[in-house]
Amino acid sequence: MGANENLIERVKELSCLYEISSLFQSQDHQDPQIILEKITHVLKKAWRHPNAAYVEINALKHHLKTDEIPVNTVHQSCDISLFKKRAGEIKVHYPIPQFQTSDFLEEEQKLLNKVAHEVSIFLEKIEQQKKEEWLQRSAQRNDRLAILGEITAGIAHELNTPLGNMLGFAEFIEEKTTDPSIKRDSKKIIDAAIFSREVVKKLMFFACEMPQNREHINIKPVVEQALSLLGQNFKKAEVSVKLIAKEDIEAQIDSIQLTQVLFNLLINAIYASPTNSKITCSLTQDEKNIYITIADQGKGIPDKYAKKVFDPFFTTKPVGEGSGLGLSVVHGIIKSHKGSITFSKNKPKGTVFKISIPKHHY
């Protein structure tokens, strides 16, 4: 390659780096997919034979190429890494047999390495921004739930006394009266008072006001017992259940409250599951935490409801079929165990709830 051609190639490389740098500076105003697509075309122009070059970028969910790539090619490539882990690559192809590996320049490989490094930094920033936004949303939700917890705790305490009086007097009237209509009406009052007292109990669970008895227990038998007790529910709904637990796992947990958590999540999963589908319950651990996941194959949780799922009194069930406190109770119990609960979409459909609880409480 002559001196003049060499100079032309160096100018093309410098222009390529300048254009790509300009693209990254405008990242606040464009989608990463668009920027990466533009980079493929900028790179194509920088190679020695641009009309014959094919450029592709594969990283994370992004899969871009300048054109349909021939089956047989020679190529230069460089890995894209995110947080010190390989996350994809950039390739520049020439078709065979018109070109050989020797048609690539050493300087072009250096340029490709530089661009891959810049793309890695760019994608790391994007992923970090996503993580920070998620953490901010989680913090805002936790603050909102903490305030709701304080309010509901106050409501629960205020309702306990009048509900107790109502229940006591209604039971007294039912016991003393001989009038069938009064007896029937008293029974309605008793049933309503008992239902209301259960709602108050759930409010107190949500507000973490219920006393706990944490002991080091084997988690697997608790999960197995919950599945066994709900056996008729699974059978009636024509839904199968599978427990995946390869080892015994111990943690310092209130077994009664854990059972409450499992019941609420499993009953919701059964309600959401179509007939002949399967619910999978998994139990795993690492050095510090235990993990319980419950996955169904239902319709899933619509995105518009994602921020409200753990709010008290929020429910998508018809009136009379749910109080909207089940997941609020679950959240309160898990929070009181210093754990966390999240949900995500199951594949190909459905919802996965994942619980994380520390093994030890200090």
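Which residues does Leu262 touch, not counting residues up to four places away in sequence? In this predicted model, Leu262 touches Val222, Val223, Ala226, Ile292 and Ile294, a contact being heavy atoms within 4.5 Å. Residues are numbered from 1 along each chain as its sequence is written, and side-chain values use heavy atoms, with hydrogens and water left out. Local features need pLDDT of at least 70 and side-chain atom pairs count only at pLDDT 80 or more, whereas totals for chains, interfaces and linings use all residues.

The chain has 362 residues, of which 41% count as buried, that is, under 20% relative accessible area with a 1.4 Å probe and protein chains only (exposed is over 50%, partly exposed in between). Among contacts in the chain with a separation of 6 or more, 68% are between residues 24 or more positions apart. The secondary structure consists of eight helices and eleven strands, taken as DSSP runs (H or I, at least four residues, for helices; E, at least two, for strands) and numbered from the N terminus.

Five strands form an open sheet of mixed pairing, in the order E6-E8-E9-E11-E10; two strands pair if DSSP finds at least two bridges between them. Strand E6 (240-244) and strand E10 (340-345) are at the edges with a single partner strand each, so one side of each has no neighbour in the sheet. From one strand to the next, the twist averages 15°. Six bridges join E8 and E9 in the antiparallel sense, and Thr280 stands opposite Ala295 in E9.

Helix H5 lies across E6, E8 and E9 and runs at about 175° to E6. Helix H7 also packs on the sheet, where H7 touches E8, E9, E10 and E11, and its direction makes about 25° with that of E9. Axes are lines fitted to C-alpha atoms, for helices over the stretch in contact, and angles run from 0 to 180 degrees between N-to-C directions.
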